[in-house]
Structures are given as structure tokens and as C-alpha cells.
Amino acid sequence: MACMSDIDLATLHDIHLDQRWQYGLPNSDHIYHHHEGFSPMTRLCLERNMQKKVQRDMNGNCLARGRSRENANGSGLASGGKRRRSGTWPRTRSLNAPSPVQQFGPCGRIMKNSAMVMQIQDPASQRLTWYKPPLTVLVIKKVSDASVLAPFVQLVDWLLQEKNMVVWVESAVLEDALLNDNLRFKSIRDKLVTFKDGRDDLTDRIDFIVCLGGDGTLLYASLLFQQSVPPVMAFHLGSLGFLTPFRFDNFQEQLTSVLEGHAALTLRSRLRCVMHRRGERKHEAKTLEIDPDGDARPVANSILVLNEVVIDRGPSPYLSNIDLFLDGKYITSVQGDGLIVSTPTGSTAYAAAAGASMIHPSVPAIMVTPICPHSLSFRPIVVPAGVELKISVSPESRNTSWVSFDGRNRQELFHGDSLRVTTSVYPVPCICAQDQISDWFASLADGLHWNVRKRQKCLDELSDLTASGSEDMLDEIDNMKLYDV
């Protein structure tokens, strides 16, 4: 169902013009004086808008249509020509907050800045489109799970025979003994294209990704593509399935609809994590590579994570002592078992178990959650998505720390090393089964049983239970009255 707006664009445009007219054009004597700083198109819009809104009374004074009575009563404009707050503001039904006005009064405005981490349109309008038909598809299945073998063979056979697509699978999949015993799979095995993780680069080779299994298959897809990620369609064949909204029963209809471009998207942001070793600081400038989008990144030490990066004390019995910086400014020291830096997608994973709030994946933010902090006042915090976090072992720390990225690539963080975390410009485009809102709340209910409890009975249901009790109470009251007499 399409998302209806509370106010259309034409009405919103008229409101913006009316506000600028109220701020800068209190009377007709200064109309053209205030137009000097505007562009020709803006000047034309303002003049046309004023012709509709301004009329003259019998004495030749300018009055606003529909506002003459308000101004006469003193409720429209305050003294001095300043506009008073109405207390209400038109808003659209979307996942983004209302865009703030860029101009403040007749002279002040926000300075334009080209620096931008990620530009996201209204999530309610994010739809998948193919500018050319997808030809190659990567199928990722859950490993060591016999229940996924039959759906995997059925899906691959259908993609090859019905859709004439080139199907990629990991080379380790073909080594499954149970899969090789399947007669149907033997007939299509030679038609598959294989790759090996860590050796083959899949960049610009895959048009579409299908995951069969649990959330781990989606995390693995994110790991394979460390830059632009093809659209991902995840089927729930695993344990929890929080990130896998599709059911496999009617996969033919669902895949056909997606391949035709009829699907909503959720852009799940990722964190770009860069390890800076103490001995490599002098050579940082030589190890940086310029990304095509203007993003300078160390080639070997950079990794993108979908859920979270975890810094913990490892096998040490001592507390972690981690210094946290935000945009180069010291924020605090984390003394406890460790620290979780997560995306909104990861807010329902490890961070939720550590007491953090659950955030919708379309919210641009980074979550910072301590693990068992040695301070009762240390609560999880949410920071803007555009900041850079720097995490390092405190000089006073008794031990080192350990870092893991989406549960993988665990490595030690020594004194003098630092980990820098920012929001990546490469999100994971996940295809929705319904829409961004319905899928997320369905996952909360099905996967985490969010706010599930027995319903409180209404009064009608309780009336039968309390009927006999109320009669006994009346008898006791009558006996008490007789006793008092």
C-alpha cells in the first residue's frame, strides 16, 4: 500500500513561500527591496504568491487574504512584523525526520558543505529498479544443514532452467557429500560457476544475491562484498531469521516479482572499521588508496561490518580500559568487559543483549554500548552516523584488548594501536517481503517475541467470575450494619 502524505508538495511549497513572505515582506513598500537577494525563479514565485495573498483595503493598505481578521485581532503577526509560532507544523508520514529549514530569518542560513557521508532518500519511497536485466545470481546457503539442501537444489535448478541465469556458488558447497548424492543436483552441477572466499574478487560480477538460511548468510554476503553490494533477497531457512523476511513456500512467484523490479528496499548501513597499528602511523600516507567515490581507505586494514564491531578484554581477568574519542575529542574511558559499536541493524543483536535500544535500520546512527560497565551510570548512547569514533587501549590499562568484526577476523589491539569507525558509503540493499515498517516489526514479534504477554481480561469477561463474590460481599456489609446498630 502506498504511503499517503499528510500534505502534498504544492501545499508545502505554498507554505514555504508564505513563510518567506511573512518574514521578509511585512508591507508593500519593501516588496522589491527584499527581492534583490533572491534568484530570478525565487523572485518570480514570491511575486506570484503575493499577488494571490495580498489585497488592498479602502485606504490602500496591504492586507493578507485570509489573515486580515487575524492581524486585526493581533493573533497573526506580533508587534514589529515578526511571525508568531502557531504551535503546529505539517509533517509527512515517513521514516525520515522533517527536513529542517535551511534559512533563518531574512539573512541567516546554513553554509553549504559538500562533505557528506551518506545521502538517504525517504525510506518509504525506496524501491528496487533494474536499469538492465540481471543475468548473474549468487546463491548463498547455510552450511552443515541438511534441511537446506532440497530447497537449494530446487532454487538453483529453477534459476538455470526457467530464468536462464548464470548461478554462482561457493566452491565449498560442491564438496558437500549429501549434496553430491542428490540425483537432481548431479545434472546441474557442471552448469554452476564457483568461487573461493578470500581468493576470488566478486566485485561487478554479481547482479543479484539470494540467501538460504539464517542471519549468518546475510552477514556472509556483506563480508564478500566490501564495496558495492548487489540487492539481497534472504529466505528464512535458519534458526532466528531476523534478517530473512521471505518464506520459501512460493519462491517462484516472489523471485519473479523481484526480478521484474517490484520490491521495496531497506538500505542497511555498514560500519567502516580501520585498524591503525602503532608502527604503521609513519606510513599511513603511503598505504592509503583513493576510492572512486573519494573515500581514502587503507587497503589491507579496512573492513565493513553489518552488525557490530566488538572490543573486549579477551582472556585477561582484568577489566578493559578503553579510551573513546568522537571526531578527535576525548569522550570517556570504558572500564568493564568491553564495548560494542553497532549499526541500527546490529541493535537487535549483541547490543540488544547488552541493554541497548532497538533502532529501525533506516535511522542513520551509530550505537555505542558498554558490556557490563563498572559504573551504574554508564548507559548506551546513540551518536550521529556522520561522526568518526576512535577506540584505543588506555595507557593505564593493565591488559590489551581484542577486536572482532561481525564475529569474525578476531585480532588483538595493543597499547598504541587504535581502531577508527565511521559509517560506510556502501550499505547492504535488502529486499523487503512487504515494506520497511511491516518487515521490521514482524521480525521483532517473530524473532524476539517483542512485547508478547497474555492479554488483560476486560470487565465483561470478569463479571461472571466476580458475580458470586459480589453477592457474598453484600451479605457481609449487611451483617456489619446490623452489628453496628
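Guide: Helices (H or I, at least four residues) and strands (E, at least two) are DSSP runs, numbered from the N terminus. Thr369 sits in strand E18. This is a predicted model: local features need pLDDT of at least 70, side-chain atom pairs count only at pLDDT 80 or more, and totals for chains, interfaces and linings use all residues. Residues are numbered from 1 along each chain as its sequence is written, and side-chain values use heavy atoms, with hydrogens and water left out.

Visitor: How many helices and strands does the protein have?

Guide: The protein has 13 helices and 24 strands.

Visitor: Is Thr369 buried or exposed?

Guide: First, the cut-offs. Buried means under 20% relative accessible area, exposed over 50%, and partly exposed in between (1.4 Å probe, protein chains only). Thr369 has a relative accessible area of 0%, so Thr369 is buried. Across the protein, buried residues make up 38% of the 485 residues.

Visitor: What is Thr369 in contact with?

Guide: Contact means heavy atoms within 4.5 Å. Leaving aside neighbours within four places in sequence, Thr369 is in contact with Leu339, Ile340, Ala351, Ala354, Ala356 and Pro380. For the protein as a whole, take the contacts with a separation of 6 or more: residues 24 or more positions apart account for 69% of them.

Visitor: What about the rest of strand E18?

Guide: Strand E18 covers residues 365-373, and seven of its nine residues are buried, so the strand is largely enclosed by the rest of the structure.

Visitor: Which strands pair with E18?

Guide: Two strands pair if DSSP finds at least two bridges between them. Strand E17 (residues 329-342) runs antiparallel to E18, joined by six bridges. There, Gly338 stands opposite Ile371. Strand E19 (residues 381-384) also pairs with E18 in the antiparallel sense, over four bridges. In that pairing, Ala365 has Pro384 as its bridge partner.

Visitor: Now the nonpolar interior. How do I read a core?

Guide: In soluble globular proteins, nonpolar side chains tend to be buried together. A nonpolar core is a set of buried Ala, Val, Leu, Ile, Met, Phe, Trp, Tyr and Cys residues joined through side-chain atoms within 4.5 Å. The largest one here has 35 residues, and Val139, Phe152 and Leu255 have the most contacts inside it. Strand E5 (136-141), helix H5 (149-161), strand E6 (166-170), strand E8 (208-213), strand E9 (232-236) and helix H9 (251-259) each supply at least two residues of this core. The largest share, eight residues, comes from H5.

Visitor: What does Leu255 touch?

Guide: Not counting residues up to four places away in sequence, Leu255 touches Leu155, Trp158, Leu159, Phe208, Val210, Met233 and Phe235. There is also a second, separate core of 25 residues, which includes Met275, Val309, Val387 and Val421.

Visitor: Why is helix H5 described as largely enclosed?

Guide: Ten of the 13 residues of H5 are buried, so the helix is largely enclosed by the rest of the structure. Among them are Phe152, Val156 and Trp158. What covers the buried residues of H5 includes E5, E6, E8 and H9.

Visitor: How do I check a helix's length and its faces?

Guide: The expected span is 1.5 Å times one less than the number of residues. Helix H12 (residues 436-448) has 13 residues and reaches 18 Å from first C-alpha to last, close to the 18 Å expected. In H12, Gln436, Asp439, Trp440, Ser443, Leu444 and Gly447 are buried. Seen down the axis of H12, its buried residues fall within an arc of 135 degrees, so they line one face of the helix. That arc is taken from the directions from the helix axis to the C-beta atoms. Strand E10 (265-268) is included in what covers the buried residues of H12.

Visitor: Last, charges. How many salt bridges are there?

Guide: Side chains of opposite charge can pair when their charged atoms come close. A salt bridge is a side-chain nitrogen of Lys or Arg within 4 Å of a carboxyl oxygen of Asp or Glu. The structure holds eight. One of them joins Asp417 and Arg277, with the closest N and O atoms 2.8 Å apart. This pair links distant parts of the chain, 140 residues apart. Asp417 is buried, at 4% relative accessibility.
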